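Please open the structure in the viewer and keep the selection panel at hand.

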Amino acid sequence: MFGSGVLVDLVPYGQRFLDLEHGWLNGEGVFWWAVGGRWFVTRAGLEMDRREEQDDASGRVRFGVQTKDGTPIGLIGINWLAAHHRTGMLTAFIGEPAYWSGGYGTDALLLLIDHAFDWLDLRRVWLMTMSLNARVMRQMEKVGFRLEGRRRQATWADGAWHDMLVYALARDEWPGRQVLVARLGLTAQN
Amino acid sequence: MFEGLLVDLVPYGNAFQQQEHRWLNNESAFWGTAGDRLIVSRAAVERWQTERQDDGARPDGGSIWFGIRSKAGVPLGDIELGYISPHHRMSMIGVGIGEPEYWGGGYGTDALLLIMEYAFNWLDHHRLWLHTMGTNVRMQRAATKVGFHEEARRRRFWLADGQWTDDVIYGLLRQDWPGREALVERLGLHPRQEP
């Protein structure tokens with residue numbers, strides 16, 4: 001296990017998760033993850049992508065997210081790791097809609113940020129989301145990310161143009177996971 | 001070929017590929033790569049050129065490369081559309097003038113105007129974007145001059161020559177683009193004596 005949180009744990013992204021990912025990528029969640037993409041992904045296509053990623057593993061980190069009772073609910077990771085700039089782009093995908101808005105994604109995010117700063121020695125982490133995604137925008141604010149810019153009409157999603165929002169968190173702005181857990185009042189739940 | 005006032009955009013062929021090893025090892029690479037100082041072998045350059053050709057054939061996420069040639073026929077550098085997204089109808093402009101004596105003379109600006117027209121009028125782009133280091137004042141001035149807006153400033157993003165520098169992202173929507181002719185006139189671009 002890589003991180004033990006209040007609601008979830010981060011674990012190796014193994015076969016248990018891969019088996020579910022096909023369903024997740026063809027479900028509603030992908031629209032939010034892929035900033036407006038609506039994909040139709042075959043198992044073969046997915047397996048090919050994952051093999052290619054393994055060949056190119058130095059630039060990324062990926063964890064499975066599972067609840068405290070061991071249910072796999074999604075993935076979280078860091079892409080575009082830049083070793084000498086010490087930056088990385090965060091990516092997260094809770095594939096099971098039943099677990100949205102319950103604090104599970106936020107708990108996983110706090111674990112990942114700790115990993116990025118304390119183990120990978122990154123200086124800053126960043127991500128982008130579309131202006132339709134109120135859930136992630138609220139989460140960014142809660143966790144202390146700063147909005148660094150707005151790329152106007154940068155994604156076409158469900159019949160309209162939407163902005164892409166650029167968020168970042170610098171290491172010297174991060175009070176540490178324990179402080180955030182307390183501030184957000186994250187507690188174990190059923 | 002797209003004909004400008006100071007430069008033409010031409011296929012990125014042999015005449016340019018032969019210069020690329022020198023361009024990637026001189027000062028222009030520092031600005032073109034956002035702060036890297038590359039020490040690149042000929043073999044590596046050739047491998048990248050081959051990969052780029054394969055990449056250009058992909059329907060999504062590919063790139064289109066042009067050589068920038070001065071009116072006197074000198075290969076000056078390259079300009080390209082990268083991360084082309086057909087359904088979001090946008091791409092990222094990358095541009096490099098590999099010959100420092102041509103910097104600050106309007107050559108890159110002229111090339112930008114040509115590729116903007118290509119993206120909007122031929123590829124039906126909705127939006128263009130580019131990014132550069134906070135310390136790259138020349139690129140920022142050029143982007144602003146041709147109508148790009150600063151959309152994001154990512155604080156202390158790059159380590160370049162011992163300094164942390166911002167990453168500045170610029171965007172331009174087609175609805176804000178007045179057309180190439182209007183920009184040529186506004187900027188007062190005209191042919192000049194080459195270095």
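Which residues does A:Arg123 touch, not counting residues up to four places away in sequence? Select A:Arg123 together with A:Arg86, A:Thr87, A:Ala170 and A:Arg171, which are the residues that it touches; contact requires C-beta atoms, placed from the backbone, to lie within 7 Å.

This is a predicted model, in which local features need pLDDT of at least 70, side-chain atom pairs count only at pLDDT 80 or more, and totals for chains, interfaces and linings use all residues. Residues are numbered from 1 along each chain as its sequence is written, while chains are lettered from A and ligands numbered from 1 in the order in which they are written.

Remain at A:Arg123, in the loop between α4 (104-119) and β6 (124-130) of chain A; helices (H or I, at least four residues) and strands (E, at least two) are DSSP runs, numbered from the N terminus.

Next, select helices α1 (residues 15-25) and α3 (residues 43-55) of chain A. In α1(A), A:Leu18, A:Glu21, A:His22 and A:Leu25 meet A:Arg43, A:Leu46 and A:Arg50 of α3(A).

Finally, display both chains: 17 residues of chain B are in contact with 16 residues of chain A. On the side of chain B that touches chain A, two or more residues each come from β6 (127-133), β7 (149-160) and β8 (163-173) of chain B. Colour β7(B) for the largest share, eight residues.

Conventions:
Contact = placed C-beta atoms within 7 Å. Axes fitted to C-alpha atoms, helices over the stretch in contact; angles between N-to-C directions.
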